[in-house]
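Below is a brisk report on one protein model.

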Amino acid sequence: MKRRTIILGIAVCLVFAKAAAQQSIRVTSDSISIFKLVEEIEKQTDFRVYILANNSFKVKVNRTDLPLIELLKETLSPFSHRVSVMGKQLFILPGKELFTELPAHLSGKQEGTEQYNVDWGRKKAGSENLIYEVGNPLQNQVMEKATLHGQVFDFKSGEPLMGINIIVRKPWVAAVTDKDGKYSLELPRGRTELEISGMNVKQTRRQLVIHGDGAIDIELEEDVHILSGVTITAGRVENVKSTQLGVERLRPNLLKNIPMALGEVDILKAVQALPGVKTVGEASNGFNVRGGATDQNLILLNDGTIYNPNHLFGFFSAFNSDMIKEAEIYKSSIPAKFGGRISSVLDINGREANKEKFCGSAGIGLVTSKLNLEIPLVKEQTSLLLSGRTTYSDWILKSLPEKSGYKDGTAGFFDIGGVLSHRFNERNSLSLYGYYSHDRFAFNNNEKYAYNNLNASIKLHSIFNDHLVGIFTVGHDHYDYTNEEAVNENTAGRLSFGINHLFVKADFDWKPTHQQTLSFGFKSLLYNINSGKYEPIGESSLVQRDALQKDKALENALYIGDQWEITPQLSVNAGIRYSIFNALGPRTYYNYPSNSLPEWGEVADTVTVGSDKMLKTYHGAEFRLSARYAFTERFSVKTGFNSMRQYIHKLSNTVIMSPTDSWKLSDANIKPQRGWQLAAGLYMDSPEKDWEYSLEGYYKKMSDYLDYRNAAQLLMNHHIETDVVPTEGYAYGIEFQIKKPFGKLNGWVSYTYSRTFLRQADKRITNPVNGGDWYPTEYDKPHDFKFVGNYRFTKRYSLSVNMDYSTGRPTTIPAGQYYDHKLHSLRVFYTDRNSYRIPDYFRTDLSFNIEPSHKLTLLTHSSISIGVYNVTGRRNIYSIYYVSEEGKIKGYQMSIFGVPIPFVTYNIKF
């Protein structure tokens with residue numbers, strides 16, 4: 001009876017197949033891609049089509065009057081694919097036809113042994129209508145689960161996509177692509193479906209049959225119908241799933257609606273809108289992360305170090321948003337591959353050009369204009385990206401009143417960047433990055449300033465096998481400034497400074513098991529610093545030439561990190577980085593008595609070291625550890641610890657990034673800075689995963705932080721160790737954030753409470769600041785509230801709001817005067833350092849945004865933003881300074897933006 005039922009079922013399927021085969025379709029073109037033909041078949045008939053193909057290919061449809069199956073057989077005859085039908089299911093497979101007749105032992109025919117051959121290697125998955133097989137089904141599989149990995153690309157440009165969510169519902173498994181578009185999932189063998197979503201891409205699915213370990217690269221299309229708003233996102237899954245704390249990912253194209261000064265999209269201003277990140281002034285791109293100083297942040301552009309990220313007095317950052325792919329800031333859980341700073345890492349990665357077609361974008365604002373070109377040199381293999389930005393900002397100073405003294409001043413900048421990328425094959429690619437920026441400004445004809453950034457690097461990305469990936473980078477970084485002062489011909493002089501360093505690094509990712517990923521590698525840096533040079537300008541100048549000794553050093557580091565998913569609930573990320581710093585000659589330095597701080601005139605002996613000889617070595621281990629426990633799919637707890645070492649120090653008498661800042665390497669008398677941070681947090685997603693909640697707390701310790709003695713000389717000081725004081729510090733805080741990445745209303749709101757204190761506790765200090773007690777830093781601002789929101793009225797029109805409130809920063813004020821009998825003059829007596837505060841800071845910005853038309857047939861798409869920076873016109877205090885007038889000390893408050901600043905920006909894509 002059972003055999004009869006089977007025979008009857010097969011016979012019924014064959015009858016339906018014969019009837020269905022009589023259906024026909026209509027196509028509008030005689031040359032059509034196989035995938036498009038599959039879509040037309042499913043639209044016009046009752047068939048469900050399954051096709052196995054690694055890549056699309058075009059077929060010629062010569063006749064449309066034939067029944068469907070005959071039409072397909074004729075169309076596919078030049079190719080290796082064949083068509084078979086079973087009921088209402090149609091199969092297009094490489095090799096021979098499927099066996100759809102009755103088996104030989106049922107029909108009396110001799111049983112065949114036909115099979116079809118399939119390439120089970122790496123595949124590209126670009127269609128929802130296909131079933132992709134992963135792994136070789138002919139191999140014996142002993143594991144119940146298999147590892148699926150690959151990369152996600154933009155279908156048009158071929159650019160890897162970061163922050164794409166890949167989810168399997170049953171059982172729940174999820175991953176988020178990294179900055180290279182890579183992902184990895186551990187899945188049960190058998191049939192499964194991937195749900196794929198992300199910012200600015202169409203939500204889609206992929207059908208898979210998992211036989212074993214394998215790779216699938218996924219191609220996605222841009223979503224031009226539902227435009228995203230302002231979002232800083234690390235992926236909706238990663239908020240709960242990741243083991244990292246204090247990490248944010250930013251993409252410039254998602255920040256375009258945040259109102260910013262003068263309407264310029266600015267990655268550093270977006271960083272300052274995050275919880276735990278503060279700045280001391282309105283016109284400053286220097287930032288402080290969880291109690292750290294501005295020089296304790298490592299800022300990387302394509303692995304190269306940026307020493308001054310400012311343009312135009314800090315109004316703009318040095319990074320053109322059109323050349324940036326994404327950026328990651330690590331406030332905690334700093335990966336083991338990063339080092340050299342004790343506070344944070346801002347890792348900025350450049351875009352690659354479209355390898356399929358020529359395209360570009362341009363923008364114009366009140367102060368700047370920019371142009372971005374993407375040029376495919378060899379289709380699907382080689383492309384060139386060129387990006388440039390310039391300013392016409394002299395009118396700002398020209399519009400100032402006469403009494404300001406700056407009406408005759410000039411200011412401007414430009415930056416250019418380029419990326420040449422070549423893909424040898426699916427496993428190897430090479431990229432060449434270049435960047436140069438130039439700033440110049442003059443308050444009058446006698447005072448001129450200029451500084452430059454230059455970065456160049458070559459990066460080779462290699463996939464050795466499905467488990468091992470390597471990235472090899474070689475590069476050169478440069479920063480310099482020149483200040484000229486010629487008010488008096490007799491004292492006219494030029495001050496210059498420059499830093500160069502070469503670096504080479506190798507980073508590897510190895511996945512030995514489904515649950516474990518090992519990261520390891522090394523980095524080597526060679527520093528060569530022109531510490532300072534002062535020379536006369538003109539024949540009448542009496543300035544004596546002077547030059548500081550050059551600073552030279554070699555810094556090497558090895559690291560290894562292990563990300564281990566112990567159970568689906570518990571994951572651990574542990575690592576260690578060991579760094580070695582060698583200060584090199586030629587150099588002459590001084591030894592001082594050990595029972596007192598270095599004092600000029602109390603030199604114990606003098607030491608001279610020859611060229612490239614080591615004069616001092618520092619080394620030590622840096623530890624990284626973080627863990628996550630997920631109670632549910634929507635709620636997890638994380639904790640982490642990391643320690644860092646810093647061998648280079650900024651010398652500055654300001655708390656911002658300034659064009660007169662110089663940098664000093666550790667040497668025989670200046671120790672490296674050290675710091676560690678302990679953090680913990682709670683993370684939760686809403687049931688629909690459209691709201692993200694996080695609460696993080698941290699405690700940080702710092703030692704050998706450089707503070708300065710009273711009246712310290714920082715420029716052209718041949719004995720800088722006599723004017724710096726070793727200082728210790730600590731910081732703590734709690735950060736709360738609510739984020740809504742998607743929907744008509746999107747954005748985030750955050751509140752931070754934090755404190756940062758320093759102390760000069762060295763017993764050798766005769767007169768420590770505030771008597772050796774703890775005192776707040778200049779950037780200690782306990783309360784910090786930030787809101788960034790965007791409401792989209794329609795697909796084209798939206799309103800954006802940016803709100804920022806913080807406690808006023810500390811300051812020191814004069815308390816009176818006294819007569820100094822030794823100097824025979826009146827002296828000012830000041831209160832304890834940073835014992836008072838300037839007024840609280842508050843600012844609200846608005847912008848109305850008109851997005852591009854969504855008609856795909858248009859050659860260009862333009863957008864416009866109209867807004868106001870500092871809507872309320874609040875005169876936020878930037879600094880307080882004091883002037884002696886008629887025997888009295890009078891204080892003055894300085895504001896940068898004391899009135900509303902309107903802006904208009906226009907952008908076009910082509």
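## A strand with two partners

Gly363 stands opposite Asn907 in strand S57. The two strands here are S24 (residues 359-364) and S57 (residues 901-909); they run antiparallel and are joined by four bridges. Strand S54 (residues 861-869) also pairs with S57, again in the antiparallel sense, over nine bridges. There, Tyr869 stands opposite Ile901.

Strands are DSSP runs (E, at least two residues), numbered from the N terminus. Two strands pair if DSSP finds at least two bridges between them.

## Basis of the model

This is a predicted model: local features need pLDDT of at least 70, side-chain atom pairs count only at pLDDT 80 or more, and totals for chains, interfaces and linings use all residues. Residues are numbered from 1 along each chain as its sequence is written, and side-chain values use heavy atoms, with hydrogens and water left out.

## An open sheet

Five strands form an open sheet with mixed pairing, in the order S15-S22-S23-S18-S19. Its edge strands are S15 (247-250) and S19 (304-305), each of which pairs on one side only. S15 meets S22 (residues 324-330) in the antiparallel sense over four bridges.

## Around Ser694

Ser694 lies in strand S43 (residues 692-708). Is Ser694 buried or exposed? Ser694 is buried, because its relative accessible area is 13% (buried means under 20%, exposed over 50%, partly exposed in between; 1.4 Å probe, protein chains only).

Leaving aside neighbours within four places in sequence, Ser694 is in contact (heavy atoms within 4.5 Å) with Asn239, Leu682, Tyr683, Glu735, Phe736 and Gln737. Gly681 is 13 residues from Ser694 in sequence, and their C-alpha atoms are 7.1 Å apart.

## A nonpolar surface patch

Ile560, Ile576, Phe623, Leu625, Phe641, Trp676, Leu678, Tyr699 and Tyr732 form a nonpolar patch on the surface. Together they have about 770 Å² of accessible area (Shrake-Rupley method, 1.4 Å probe; for residues, only the protein chains shown count as cover). Patch residues have over 30% relative accessible area and no salt bridge, and nonpolar side chains (Val, Leu, Ile, Met, Phe, Trp, Tyr) are joined within 5 Å. A salt bridge puts a side-chain nitrogen of Lys or Arg within 4 Å of a carboxyl oxygen of Asp or Glu.

Strands S38 (614-632) and S42 (673-685) each supply at least two patch residues. Ile560 is found in S34 (residues 551-565). Ile560 is partly exposed, because its relative accessible area is 41%.

## Confidence

The protein averages a pLDDT of 82, and 85% of the residues score at least 70. pLDDT is the predictor's confidence in each residue, from 0 to 100. The score stays under 50 over residues 1-21 and over residues 224-237. Where pLDDT is low, the predicted coordinates should not be read in detail.

Terms used. Patch = residues over 30% accessible without salt bridge, like charges linked within 9 Å, V, L, I, M, F, W, Y side chains within 5 Å.
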